[in-house]
Amino acid sequence: MANVTRGIDHVGITVPDIEEATTFFKKAFHAKISYDNKELGDEPQQGEHVEKTLGLKIGAKVIHIRILSFNNGSGLELFNFKNTKQREPVIASDLGVQHFAFYVDDIQQAAEYFVEAGGELLTEPGELLGDVENGAGKFVYGRAPWGMLIELISYNPNKLDYPEYSEAKRFTP
């Protein structure tokens, strides 16, 4: 079987306000707007086809979609919905996607940008946990202004202690 997968194109996240989320990602991570797939004020994406295609609850309306890009790596697709009940942001022990990580060159500076942009760090940056990453770098988890969990991570890829069964090296931007 041929490998037809290149990598992750984007991660989709639902936010309460796309303009506020865009401002946060620009300030914290130097995001750039690629385009809006659905502009606020346009006719919402709704109805049976959209509900089925996106796995939405009946009556949900997509009112704004924006693609953000970064210097390296995957993009973010921001969604804003109305007319549907929404749960609180997940925590690390919940099933499904519970966080994503930005690789940063300077973890202290990145943490400062994160906080200045309105995020909240759960702790101060600390040493990476785990046998393979031990001594390779630092990380910190934080919450975006709307509560979503985001990780900042920085490490020396040459210091990762890969086990013998490794099938591939970890991608580092």
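Me: Is I91 buried, partly exposed or exposed, and which relative accessibility decides it?
Reply: This is a predicted model. I91 sits in the loop between β4 and β5. Buried would need under 20% relative accessible area, and exposed would need over 50%. I91 falls in between, so I91 counts as partly exposed, at 43%.

Me: What does I91 touch, leaving out residues up to four places away in sequence?
Reply: I91 is in the loop between β4 and β5. Contact here means heavy atoms within 4.5 Å. Leaving out residues up to four places away in sequence, I91 touches Q98 and R143.

Me: How many Å separate the C-alpha atoms of I91 and M148?
Reply: Along the chain, I91 and M148 are 57 residues apart.

Me: Which pattern do the helices and strands follow along the sequence?
Reply: The chain has three helices and nine strands. Among them are the helix α1, at 18–29, and the strand β1, at residues 10–14. Read along the sequence, the pattern is β-α-β-α-β-β-β-α-β-β-β-β.

Me: What share of the residues in the chain is buried?
Reply: The chain has 173 residues. A residue is buried when its relative accessible area is under 20%. Buried residues make up 35%.

Me: How far apart are the mean positions of the positive and negative charges?
Reply: The chain has 17 positive and 26 negative charges.

Me: Which element supplies the largest share of the largest nonpolar core?
Reply: The largest nonpolar core has 28 residues, and F24, F25, F29, F102 and I150 have the most contacts inside it. α1, β4, β5, α3 and β9 each supply at least two residues of this core. The largest share is six residues, and it comes from α1.

Me: How many residues does the other core have, the one that lies apart?
Reply: In soluble globular proteins, nonpolar side chains tend to be buried together. Another core lies apart from the largest one, with L128, A136, Y155 and L160 among its residues. That other core has six residues.

Me: Which tryptophan is among the residues that F24 touches?
Reply: F24 is one of the residues with the most contacts inside the largest nonpolar core. Beyond four places in sequence, F24 touches residues including F29, F114, A144 and I150. The tryptophan among them is W146.

Me: Is T22 buried or exposed?
Reply: T22 is found in helix α1. The limit for a buried residue is under 20% relative accessible area. T22 has 3%, so T22 is buried.

Me: With which side chain does the side chain of T22 make a polar contact?
Reply: Beyond four places in sequence, T22 touches I33, R66, L68 and L78. The side chain of T22 makes a polar contact at 2.9 Å, and its partner is the side chain of R66.

Me: How far apart in space are I13 and L76, C-alpha to C-alpha?
Reply: I13 lies in strand β1 and counts as buried at 7% relative accessibility. Residues that I13 touches include F25, L76 and M148. I13 and L76 are 63 residues apart in sequence. In space, C-alpha to C-alpha, they are 7.2 Å apart.

Me: What is the phi of N83 near?
Reply: N83 is in the loop between β4 and β5. At 53% relative accessibility, N83 counts as exposed. Its phi is positive in a residue other than glycine, near 65°.

Me: What is the phi of H30 near?
Reply: H30 lies in the loop between α1 and β2. H30 counts as partly exposed at 46% relative accessibility. Its phi is also positive in a residue other than glycine, near 60°.

Technical notes. Residues numbered from 1 in each chain as written. Predicted model: local features only at pLDDT ≥ 70, side-chain atom pairs only at ≥ 80, totals over all residues. Heavy atoms only, no water. Helix = DSSP H or I, 4+ residues; strand = E, 2+ residues; numbered from the N terminus. Buried < 20%, exposed > 50% of the residue type's maximum accessible area, 1.4 Å probe, protein only. Lys, Arg positive; Asp, Glu negative; His and termini not counted. Charge placed at Lys NZ, Arg CZ, Asp CG, Glu CD. Polar contact = N/O pair within 3.5 Å; in protein donor to acceptor, adjacent residues only side chain to side chain. Core = buried A, V, L, I, M, F, W, Y, C linked by side-chain atoms within 4.5 Å.
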